[in-house]
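Look over the sequence and the model before reading on.

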Amino acid sequence: AASVPREVMVNAKDACDPATFNAALMDPNACMGPGGGVTFDHFIDTLMRMGSIGSWHFAPPSVEVRVGQTFLVTNRGGETHTFTEVEEFGGGRVQLLNDLTHAGPPRPECLALEPDDFIAAGATYKEDIDEAGVEHYQCCIHPWMRLDAHISEK
């Protein structure tokens with residue numbers, strides 16, 4: 001029988017432009033790395049029109065996994081993200097982004113994050129898969145970044 005890999009790879013992606021994001025957010029570390037060329041104004045305009053922006057996403061958006069495996073989430077973007085298990089998809093920690101995307105009120109899980117739940121640009125995060133069923137994961141900063149995990153027993 002073929003062996004099942006222990007780690008399930010997920011990429012958190014964005015395309016922030018460091019110069020415009022860092023200036024708009026008044027934080028020199030808001031967008032790190034080479035960036036993807038999406039200016040802050042374009043980001044906000046797209047969220048206002050579309051309710052999401054495709055460059056900010058989890059890849060893949062849906063996975064089939066087994067109990068006992070581990071998600072290995074790598075932040076391949078320039079902004080910080082989270083990979084947070086939520087009971088239902090909804091709003092995140094940033095009210096402006098919730099409002100622009102009509103995500104709804106913040107999920108309780110997003111309001112109870114600990115410092116090690118944040119995945120900086122270039123960093124990785126591990127999450128053990130310990131129960132069967134369908135689980136929902138979202139970024140608690142960018143709430144349209146979502147992943148459904150269909151989890152079977154070992």
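## Disulfide pattern

Counting bonded cysteines along the chain, the disulfides pair up as 1-2, 3-4. A disulfide here is a pair of cysteine sulfur atoms within 2.5 Å. The whole-structure search finds two of them.

The model is predicted: local features need pLDDT of at least 70, side-chain atom pairs count only at pLDDT 80 or more, and totals for chains, interfaces and linings use all residues. Residues are numbered from 1 along each chain as its sequence is written, and side-chain values use heavy atoms, with hydrogens and water left out.

## Cysteine 16 and cysteine 31

The sulfur atoms of cysteine 16 and cysteine 31 are 2.0 Å apart and form a disulfide. This link is right-handed, with 85° about the S-S bond. Cysteine 16 sits in the loop between β1 (7-13) and α1 (18-24), and cysteine 31 in the loop between α1 and α2 (40-50), so the bond ties together parts 15 residues apart in sequence. Helices (H or I, at least four residues) and strands (E, at least two) are DSSP runs, numbered from the N terminus.

Cysteine 16 and cysteine 31 are both buried. Buried means under 20% relative accessible area, exposed over 50%, and partly exposed in between (1.4 Å probe, protein chains only).

## Cysteine 110 and cysteine 140

Cysteine 110 and cysteine 140 form a disulfide with sulfur atoms 2.0 Å apart. The S-S torsion is about -70°, so this disulfide is left-handed. Cysteine 110 lies in the loop between α3 (95-101) and β7 (118-119), and cysteine 140 in the loop between β9 (133-138) and β10 (146-152), so the pair joins parts 30 residues apart in sequence.

Cysteine 110 is buried, at 0% relative accessibility. Cysteine 140 is buried, also at 0%.

Cysteine 139 is in no disulfide. Its nearest cysteine sulfur belongs to cysteine 140, 6.8 Å away. Cysteine 139 counts as buried because its relative accessibility is 0%.

## The largest pocket

The largest pocket holds about 270 Å³ of space. A pocket is an open set of points on a 1 Å grid over the protein atoms alone, where a 1.4 Å probe fits, with protein on both sides within 12 Å along at least five of seven lines; lining residues have an atom within 4 Å of a point.

Of its 15 lining residues, Leu25, Ala30, Glu79, Ile141 and His142 are closest to the centre. α2 gives the most to the lining, with three residues. By class, the lining has 10 nonpolar, three polar and two charged residues. Ala, Val, Leu, Ile, Met, Phe, Trp, Tyr, Cys and Pro count as nonpolar, Asp, Glu, Lys and Arg as charged, and the others, Gly among them, as polar.

Definitions and conventions:
Points joined across faces, edges and corners; volume = space filled by probe spheres on them.
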